[in-house]
Amino acid sequence: MRMKWGLYPKMLLAFLGLAIVPIVLIGSFLYVETKSALTDEAYAKLEAIRDAKKATVTQHIDEKFLNLEALAENEQVQQAFAPLTKQFADGGLTNDSYQQEAKKFDTYFNQYIEQFGFYDVFFIDSDGNVVYTAFKEPDLGQNVVTGDLKSSGLGKAYQDALTKQTGVIADYAYYEPSKAPAAFFAIPYVDSKTNKPRGVLALQLAGDRINQIMKTTAGLGKTGESYLVGADQRLRSDFRATKQTEVGEKRVQSTPVKQVIAGQTKTTETTDTDGHEVVTSFTPLKIAGLNWGLITEVHTEEVFASLSDFVQKLLIALVALIALVALAAILFTRTLVRPIRALLHSAGAIAEHDLSQPVVATSRDEIGQLSRLFETMRLSLINLVQRVDAMSRTIDDSLAELVVEAEETGHGTKEMATAMTGIAATAQQQSGAFDGHTASLQSLTATIEQNAQTSALVVDSASRSENLATTGRSDLHAVTEQMQSIQNAIDEAADKSRRVQIASENILEIISIIESIANETNLLSLNASIEAARAGEQGKGFVVVAREIQNLANQSKQSMVRVQETIDSIQLETKQLEDAMARGTVAVQDGVVRVTEATQSFDSIVTQSKGVTVDMAALSETNRDVLSTASHLVAQAEQLRAGIIASAQDNQHASEQSLAFSERMDVVHTLTEEIYTLSRELHETINRYTLD
C-alpha cells in the first residue's frame, strides 16, 4: 500500500532539500578543488625530484667518463701500460718480471678506484688480453676477443672502444668473474711517446654511488621510491628497502616501465608492482648510448593524507550546518502549516455536506486571504444549493410528462417500421421470382448461342466436305487417266509378246536351217542379231546367242539342242505373259468402270454439300436473329429486376430509418428516465446539505 504524505512532511523535506543540496554541492566543490590542488602539488613535487635525480645521475655518468679520459692520460698509466703489456707477452702472469712490475702499480690503482668510486681497472692489450687488474679477479689474464669474456660487458666495451675510437659504456649485465651484474667504461689507450694505439683502458663501475643517489628519500615521505630501469626492464638501481642488490637481475613489469622505455615522459596515477595505488612520474635517461628510464613514485594514500584530514573537518562542518538548517526548516514549516490545517478542517466540513460552519481567517498573509475567499465560497455555495433545489423540483414535473410522450412515440415508430419491413419482404420475393425468369431467359439465350455456334461449325464442316469431294473427284479423274495409261501399256506389251512369239517361230526355222547349213553360220547369226534388235529389250538374250553362234561355229550342232529347249521355254513364258496381260486388261477395264462410278458419286456429294452449306448458312442467320431477340428480353428483365430490387432497398432503407428512429426514441426515453432519476438524486443530495 502506498504511503500518504501530508503537507507538513512534504514542505519539511522540500525546505531541507533546498538547503542541504547547496551545502553538499559546496562541500563537493571544496573537496574537488582541494584534491586538485594537492594533486598538482604532488605532481610538481615528484617531477622536481625526478628531474633532480636525472640531472645527478647524468652528472655522475659524465664524471665517470671524465675520470676515464683523465686516467688514460695519467702518468702512472703511461708508465705502467707498456711494461706490463711487454712482460705479460714474454711470460704471462707467472713471469717474475711481470709480477714485480704489477706490484709497483697495485697500491696506486687500488687507491684510485676507491677514491673515484670504481670497482676495478683493466689494462687490455691490442690482442684482447687482460694484462692487468687492480682487484685481481679471475678475468686477469683472459682474452676478451677469443675467450669466455668475449660476450661479457667487458668484451663489448673493448670492441666498441676500438671500433668508435672514443669513450664508451657497456650497460649492466651479469659478469661471471665478479659473480654480479657490472657496467664498464672503456677508452682506447694511445702511447703518448709513440702516439700509437696500445690497447684499451677500462673501468668497472661500482653501483654504490648510483644507489646512493636513487635511494635519497628527501621529499618522498615514507612510501616514496626512485629507481632506474634499463631497456631490458631490469633494475639499474636498487629499491630503498632492498638489503641485497638486485641490479641487472630483478625485472620490473609495469605500465610506467614500458612507457618510459618507449621514450615517454609522464606524471600520472597508477598501480605499482606490489598492487599499491601510487602517483608516479617517469622520464627516459639516455646517456652515451644507454636507454635507461628514471621512475619516481609515492603511494596515493600518503600523497592525499592531508586531504583525508580536510574531508573529516569538512564533514563535521557540513553536518552541523545541516542540523541548523533542519531546525529552522521545522519551525518555519509549522508556522505555515497551522492555518492550512484549520482551513483543511473547514473544507472537510463542507465535504461532509455541512455548510453551517464558518471559515475564520487568523492572518493577513496569502493563507488568510485564502481563508476569506473560502468563506465567500461557502456562502455562495449555500445560495447555489437553494436555487438548485427549487429548479430540481420544476424539472422533475417536466421530465415525468416527457417520459410518457417518448414511450408513446417509440411504440408508433416501431409499428411503422414493422409495416415497411413487410413491404420490403414482398419486394424481395418479387425480385426472387424475376431472378428465376431472368435465369430461364439467360439459359435460353445460352442455348441459342450454342446452336448458332454449332450451325457455324456444321457450315464449316460442309464446306470442308465440299472441298474434299471436289479434290476426290479430281483425284479419281487422275486415276482414270492412269488406268487408261496402264491399259495402253498392257496393249503395247501384248503386241510385243505376239511379236516375240513370231520371232521365236522364225528362230526355230533358222535353227533348222543352221543344222543343214553350218557353213553359213555367220550370215544366220547376223540375221538373228537383226531380229533380236527388232525385239527390243526382250531380244538382248538373242544377241548374246547370236554372238556365241558366231564365235562357236564349230560347236553349233551340239548347242542346237539347248537352243531348241530355250526357244520352247520362251514360247511357254510368252504364252503365260499373254494370258496375264489379258487378265490385266480385264482388271483395268473393270477398274475404269468402278472409278467412273466413284467419280459420279463424288459429283453427287459435291452437289449435296453445296446444298447443305446454303441451308446451314440460312439456319445460322435465323439463330443470330433469335439470339438478338433473346438478349433484348434478358436486358429488359434485368432492368425490371433492378427496379424491383431498388424499390425493395428503398423500402428496407425506410424500414431501417424507422427502426433507427424508434431506437433513438428508446434512447430518448431511457435518457429521459435517467435524467429524471438524476434529478431525483440531485434533489435528495441537496437535501443532505445543512444550511442553518
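Reader: Are Y175 and F184 buried or exposed?

Author: The model is a predicted one. In it, Y175 is buried, and F184 is buried as well.

Reader: What makes Y119 and F135 an aromatic pair, and which kind of pair is it?

Author: The ring centres of Y119 and F135 lie 5.0 Å apart, and the limit for a pair is 6.5 Å. The planes stand at 40° to each other. Planes under 30 degrees apart would be stacked and those over 60 edge-to-face, so the angle of 40° makes this pair tilted. By this rule the count comes to 17 aromatic pairs.

Reader: Which parts of the chain does the pair of Y119 and F135 tie together?

Author: Y119 belongs to strand β1, residues 118–125, whereas F135 is in the loop between β2 (130–133) and α4 (153–164); the pair therefore ties together parts that are 16 residues apart in sequence.

Reader: Why are Y119 and F135 called partly exposed?

Author: The relative accessibility of Y119 is 27%, and F135 has a relative accessible area of 44%.

Reader: Why is the pair of Y175 and F184 called edge-to-face?

Author: The planes of Y175 and F184 are 70° apart, with 4.9 Å from centre to centre. An angle over 60 degrees counts as edge-to-face, so the pair of Y175 and F184 takes that name.

Reader: Which residues do ring pairs link into a cluster?

Author: The cluster consists of F81, F105, Y108, F109, F123, Y132 and Y189, linked by ring pairs.

Reader: How do you know that the charged end of K64 sits over the ring of F118?

Author: The charged end of K64 is 4.7 Å from the centre of the F118 ring. The cut-off for that distance is 6 Å, with a further condition that the charge be within 35 degrees of the ring normal. K64 is accordingly listed as sitting over the ring of F118.

Reader: How does the span of α4 compare with the expected one?

Author: Helix α4 has 12 residues and reaches 16 Å from its first C-alpha to its last, close to the 16 Å expected.

Reader: Which residues of α4 are buried, and what covers them?

Author: The buried residues of α4 are G153, L154, G155, A157, Y158 and A161. Their cover includes the strands β1, β2, β3 (168–175), β4 (180–190) and β5 (197–205).

Reader: What makes Q165 stand out?

Author: Q165 has a positive phi, about 55°, although it is not a glycine. Most residues other than glycine have a negative phi. Q165 follows α4 and is located in the loop between α4 and β3.

Reader: What is the phi of A288, and where is A288 found?

Author: A288, also a residue other than glycine, has a positive phi near 50°. Its place is the loop between β8 (277–287) and β9. At 47% relative accessibility, A288 counts as partly exposed.

Reader: How do you know that L235 is buried?

Author: The relative accessibility of L235 is 0%. That value is under the 20% cut-off, so L235 counts as buried. L235 lies in the loop between β6 and α6 (255–261). Leaving aside residues up to four places away in sequence, L235 touches Y227, L228, V229, E246, V247, G248, K250 and V252. K250 is 15 residues from L235 in sequence, and the two C-alpha atoms are 5.9 Å apart.

Reader: Why is Q100 called exposed?

Author: Q100, in helix α3 (residues 96–116), has a relative accessible area of 55%. Exposed means over 50%, and Q100 therefore qualifies.

Reader: Which residues lie nearest the centre of the second largest pocket?

Author: E225, D272, D274, E297 and H299 lie nearest the centre of the second largest pocket, out of 20 lining residues. Its space is about 310 Å³. Strands β6 (225–229), β7 (266–271) and β9 (290–299) each supply at least two residues of its lining.

Key
Residues are numbered from 1 along each chain as its sequence is written. This is a predicted model: local features need pLDDT of at least 70, side-chain atom pairs count only at pLDDT 80 or more; totals for chains, interfaces and linings use all residues. Side-chain values use heavy atoms; hydrogens and water are left out. Rings of Phe, Tyr and Trp (its six-membered ring) pair if their centres lie within 6.5 Å; planes under 30 degrees apart count as stacked, over 60 as edge-to-face and the rest as tilted. Helices (H or I, at least four residues) and strands (E, at least two) are DSSP runs, numbered from the N terminus. Buried means under 20% relative accessible area, exposed over 50%, partly exposed in between (1.4 Å probe, protein chains only). The expected span of a helix is 1.5 Å times one less than its number of residues. Contact means heavy atoms within 4.5 Å. On a 1 Å grid over the protein atoms alone, a cavity is a set of points where a 1.4 Å probe fits but cannot get out, and a pocket is an open set with protein on both sides within 12 Å along at least five of seven lines; lining residues have an atom within 4 Å of a point. Grid points are joined across faces, edges and corners, and a volume is the space filled by probe spheres set on the points.
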